[in-house]
Each structure stands twice: as C-alpha cells, then as structure tokens.
Amino acid sequence: MALTGIQILKLLPKTNCGECKFPTCLAFAMALAAGKTELDLCPHVSADAKAQLSDASAPPIRQVSIGVDDYGVKIGGETVLFRHEKTFFNKPGIAVLITDAMDDGEVERRLTALEHFQYERVGVTMKPEMAAIKFTGNKDRFMGLVKSALVRPCAVILMCGEAPVMKEALDIVRDKKPLIYGATPDNYEAFGALAKDYGVPLAVVGRGFDEVAALTEKLTAMGLKDLVIDTSTREVRGAFTDQVAIRRAALITKFKPLGFPTITFPCEMTDDPMKETLIASLFVAKYAGIIVLSDLTGETLFPLLLQRLNIYTDPQRPMTTKEGIYPINNPDDNSPVLVTCNFSLTYFIVSGEIENSRVPSWLCIMDTEGLSVMTAWAAGKFVGDLVGSFIKKSGVEEKVKHRSLIIPGYAAAILGDLEEELQGWKIMIGPREAAHLPAYLKTWNS
Amino acid sequence: MAFEIPKIKYTGKIREVQLGTGAKAVRIGGANCYPFHRFEGDMPNVPRVAFEVWDSSPEEWQQWAIEPYGDVLSDPVAWARKCVDTYGAEMIVLQLRSADPNGENKGVEEVVEVVKKVADAIDVPLLVWGTANDEKDGELLRRVAEACEGRNVAVGPVSDKNYKQIGAMAIGYSQVVMASSPIDVNLAKQLNILLGNLGVNEEKVVIDPTTGGLGYGLEYTYSVMERDRMAALTQEDAKLQFPIICNLAPEVWKTRETRLTKDEDPKLGDEKRRSILMEAVTAMTLLVAGADIVVMRHPDSVSLVRDMIGELCA
Ligand code: SF4
C-alpha cells in the first residue's frame, strides 16, 4: 500500500540537492506521498529504491489514457468495489465497432453516429467516445478506415493481430494515441515493442485471467505500463465473474498483474442488439474499462449512457442544477410559476412531470446547494425570506402578469413568511409529490 | 502461478420468503453471496420478475405499452390472466391505483372486491401494492390482508406510519409485508425492527427500498441496496437479511424519455425499443444490486431480463 512521507524519505538520497525543485528531500517525499509529484523528478534515486517506491506508490488499478486532448478517454484508476465506498472515477469508454468488411456507407454512418448521438443532461454531455477499428483481412480498406478516423472527434482502438499491419496503421494515427489490441501469447514481444516505440497503450488478450496475468508480467518487465486487459470470456456469467475477479485481485490482494482496466465486447456476446445493451449495462455496473458495441442507435445507446451517468455519479456530492427560470412547454405571461430547490434529481423529476402535464409553466430553480426541498427547508436554505428574495430578483415578475406562486407541498411551512416577504403575491401550496403535479397544474388557476 | 479469485468472507444469509401457496408458490431470497456471485456462494432461488396489473384502466400509457395488453387493460382480472397465460407471469403485482386519494380515491370495499377477484383468478402469487398514502394504505391494506386469507399474499408499501395497522392484520392472516423506507439503510433497518417488535414473522418480510427509475435516482436505490446487502451478508446485520423488491415499472414508464417519440426527438431513436430497454436496463441494474423481485410492465423487457437472469444463473 501507499507509503508515508517518512517511509519514502528513507529511500531517497537525503542530500537535499534541490534538483527536484523541492527545497529538501523531505519536502519531495511528502509531496510524493500525497501524489502531488512524480518520482522521476529526482535524478539521484537508486534503481533499487525506485523499484520499491514505484511499486508502493502505484495506484492498485492503473489509470490509462487513450486518445488526446478533447477526445481523450481516461479509464481505470478505480479504488473501490462498490460506488458507495467512495465513488467510481472514470466511466467506461463506449466504442463502436467498425471493420474493413463494412462498405463505405456503413462506415460513414457509424463514424457520424459517434458525433451525432450526444445528449445534454444535468449540464454534462453524454456520448459514446471511441471507434474500434478492426482488421479482418483487407489491409487497404483497414488503412483507409484508420485515415478516416484520424480526423474524427473520437478516441481510437486499433484491432489487429498482425504486428506489421498494426505498425503501418500506427504510422497514420499515432498522434491520436490509440489503444492497440492486442498482445497475445504469440505476438506479445512484437506488440510490446510497438506500444513502446509509438508510446501508445496496449491491450493484452489472454484466455482467462491466468494467461492475462502471465502476459502483463512479461510486458511490464519490458517496461510497459499502460495496459488494458481482456480475458476473452464471451459468455455472460463467465465474463461477469472475470470482471469481479480482476477488480478484487487489484484492490483486495493488490495483485499487480491484474491491476489494469478491462476491455469488454458485448458486440461478440449476442446477435440481438437489445440484449447487447443489457450485457453492456451489466459491465457498466460491474467494472468494465471499455465497452465495445456492435452499432450505435438512439434507442440502444441512450438508456446505456443514462445508466452510465447514474452509476458514475459521485455519491459523495449532491448534484445541482443552475439557479434560474426554466420555461417548460412554451409558457406565456399567464402560465403558472413554480419554485423548487436545485437538487438535480428534484429538478429532473419536477420538470419531467410538468412536461408530462403539457401545461406551459415557468419553473424557478433556487440555489439550495444541492439539497432536496425537505433537507433545504430543515437547514434554513429554503425558507420564506430566502425564497421571497430569490423570486424578486429572479426576474419572473417580468415574465408573467399574474402574481401567484406555487411552492412544494413539503415546504408548506414557509407560507406565512413567504407571504410577508412577497407582498402582492398569492402563495399556493402545490402537491408533495411531483407525480401529482400534472393533475394539479391542469386545474390551476391564478 | 494459478491465480485464485479473492473471496469475500460472508457471514450472513438472506432469509427465504415464500409467496403464494400450492404448486405455483414461489420462494425468494436465501442467497449467501452478493448477487450473481455464484463462484463463491449460493443463490438457491433465482430472482423473479413480477408483472404489474393496475386495478383501474390506465389513462396515460404509451401506445406501445398498451399494445401487448389491448382490451384487457380495463379488466384487472382478464389482465392478470393474460400475464399468466400468455406471458408466463410467475407472480402478479396488483397496483391499487384507483384508491389513490390524489386520484379516483375509490372506497376501500370497492377496491378490495377487485383484489379478491384477481386473487381468485390466478394461481401464481399475488402481491398487492397500495397507494403510498400512509393513511389510505393503513385502511386498505389491512382489509386486503383479511380478504385474501389463506393466499399468502404480500401487501405493501408498509411504512413506519402504518406498520401497526397493516402488520397486525398481516400477522393475523399470515400474509407477507413489503416494508418500505425512503432510500435509506438505517430507516429500512429501523422499520424491520419495528415489524419484528410487533411480532411479524421474519419469514414474512420483504424490503422495498423505494425505487428510482433510470435517469431519475436509480443510483440512489442502487447504492442503498448494495449497502443493504453488504450489511446483511458481511456484517451479520440480521435486520437487513430480507429479500428486496423493486417496483420499477411505474417509475420508468412515467418518465418523458419513455414518452417522446422518435419524431419528436430523433436522437432518442425508436420509442418502443427505447422504452423497453429503459425498463430492462433499470431492472438489470437493480438485479445486480440485489433485487429479488423486479416489478415490470412490458413483456419484451421481461423476456430480455429473464434471459439475462438465466445466463447469470446458468
Ligand atoms: S532531487 Fe532527489 S536528492 Fe535532490 S533534493 Fe530532490 S529528492 Fe533529494
């Protein structure tokens, strides 16, 4: 496990030469223990100490970056088995398969789909981020695909078992820092060399975790760090078990040879695109680093992206929606005005129900630091004078002619104070549950 | 250097609960490992899908949700039979929508009549889901418990506000209670303690953790269930060692993402397939977290989920 600053100090030269840009070895050691600097910045550390230190300071699951800049995907780096124990950090990359056996139209459709299927939600963009380009024997077409992916806004996975072909592809697309897939017991030396020469991450493909672990050890000995692993299991139960086994090996036993993110292939596990989505959702919950899909359609992708967003939401931090006035169903100056808190789940449920009702409405979202209505009220952040002054400065008075405001049923207790603060307004107590909003709004009258 | 999967040390086990009677009775729970972690434990009873049936004709269902049921939607008895006969339902959840004080607000006796008819029409286990209005359910579910004497039905949601009323009748008529708490491990535990103190048999309790649909709080339910299971299986927390039910169908199908058509939002794709997947993905996610029963609507989502349960329990 992680060493303390003092333990690290013992392994340093203790000359305080300052070349690491820290005043003393101790300062450097402390920064290293806190993960704020890199061991490589000390040129004087012995090889032996280096080995000990890098072993101890490395995270249990390597974080691997694929792609560059805006289209880079970070995977791995996870520290827990269950999201409630802390959080999951790096959501699995979602890739679409493109092969040299597909015709131009099909290839173009898939590449376009990668850009097209983007969805805004809670201020984040949900989208698939990778193209998995697979060589199935037609080299010219394969190189053509690699070229067309080069200019696309996505990260790239190159799938090909032949080192010379892979090398040619890398010459085209190396600047995109693709993941190369993959090193097997037969070709690992050549693939290891390629990954090293081109500075790209490498997928390791073995039959089962024993073979994978044996391979990663050899590749690590060659100096490779950025590995992604595939146990080749393509039936649901076995693949699920592998994912759990690998995560546990890395976190519980600190078994280094499996301390890498995984790549999974729901696309090779079924012919039914609906079932493929369910298999993928299993891998979102249980531990995939990359999920390769056979195709992208709105109906199969959207539910999966939403699930990924849910599972990878940090459970330690309440999610918030921006304070402001949200028009729903094209409201006008006679439409009802509602106010609620900025807990994003509240916002989504309330706005969803208003949309369902088809009643044009103005929804005022007040900043309650992400607390729900009841908690915010109890904490004094959703009380009469605060809600009143928010409504006054929100500008909603210019949006509507009437002066009535609907407050959440759970905040009924603020009625008196709010009436005092908002002179001239009629305060109406709405339902407690958002589900009853449609019925309420349909009979609403200012 | 053969590598062994690091095992979790389980010290607890989920209680087994039987629902229904006779040949079609179903046992749930009994696992002594995390969901589908069968390489290190047993799941003697596979998780089940329950079909939902409403006691009054749904008015706001999508065309593509109505399609599989057609004209039986106005007749709960025929609807329940169709689920069993046509779609192979292994259990039915009757959702008492007509009793909702915020809606039709039908009287207790009128609603109980329908419950009895449905109970008499099917041989698979019946679970009766109230309005989530504590007061109304207190009246309604205790009468359901009485009226379904001898059927070993499950009644819920039972809350800390009405557990005495409903619990007492459930004990009297030997029915199962679905103990409901708002997405919170400690509240779930607390209610189970209250039920225990009241005298409810430990083989007669199922937990309802309160279910959030995909995109609408699913992650909260997911993590509360994982915490429940961790406490139950590895920390010997006896008051959490109960099977879990997730009433997900109404949560999923009421969202706007299951209502928008492809014409309205082309990027969301085909509305029918998308809705089916939203339901199936919600169920799959909750099953991985520990659900023993998932309550579902569309027969196609049910087939997908059953197929996955089958593969994971192969
Ligand atoms: S470069 Fe190395 S030896 Fe020099 S001060 Fe920094 S840690 Fe100490």
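**Salt bridges within and between the chains**

Modeller: In chain B, the side chains of B:Lys24 and B:Asp123 come together in a salt bridge with an N to O distance of 3.2 Å, the term meaning a side-chain nitrogen of Lys or Arg within 4 Å of a carboxyl oxygen of Asp or Glu. This pair joins distant parts of the chain, 99 residues apart: B:Lys24 belongs to the loop between strand E1 (16–19) and strand E2 (26–29), while B:Asp123 belongs to the loop between helix H3 (108–121) and strand E5 (126–129). Helices (H or I, at least four residues) and strands (E, at least two) are DSSP runs, numbered from the N terminus.

The model is predicted, with local features needing pLDDT of at least 70 and side-chain atom pairs pLDDT 80 or more, whereas totals for chains, interfaces and linings use all residues. Residues are numbered from 1 along each chain as its sequence is written, chains are lettered from A and ligands numbered from 1 in written order, and side-chain values use heavy atoms, without hydrogens or water.

Both partners of the chain B pair are partly exposed, B:Lys24 with a relative accessible area of 40% and B:Asp123 with one of 41%; buried means under 20%, exposed over 50%, and partly exposed in between (1.4 Å probe, protein chains only).

Over all chains, a search of the whole structure finds 43 salt bridges. Among them is one in chain A, where A:Lys134 pairs with A:Glu268 and the closest N and O atoms are 3.8 Å apart. A:Lys134 is partly exposed at 25% relative accessible area, and A:Glu268 is partly exposed at 37%.

A further salt bridge, 3.1 Å from N to O, is made by the side chains of A:Lys275 and B:Asp307. This pair crosses between chains, running from A:Lys275 in helix H10 of chain A to B:Asp307 in helix H10 (residues 299–312) of chain B.

Finally, the salt bridges of chain A include a network that links A:Glu106, A:Arg109, A:Arg110 and A:Asp295.
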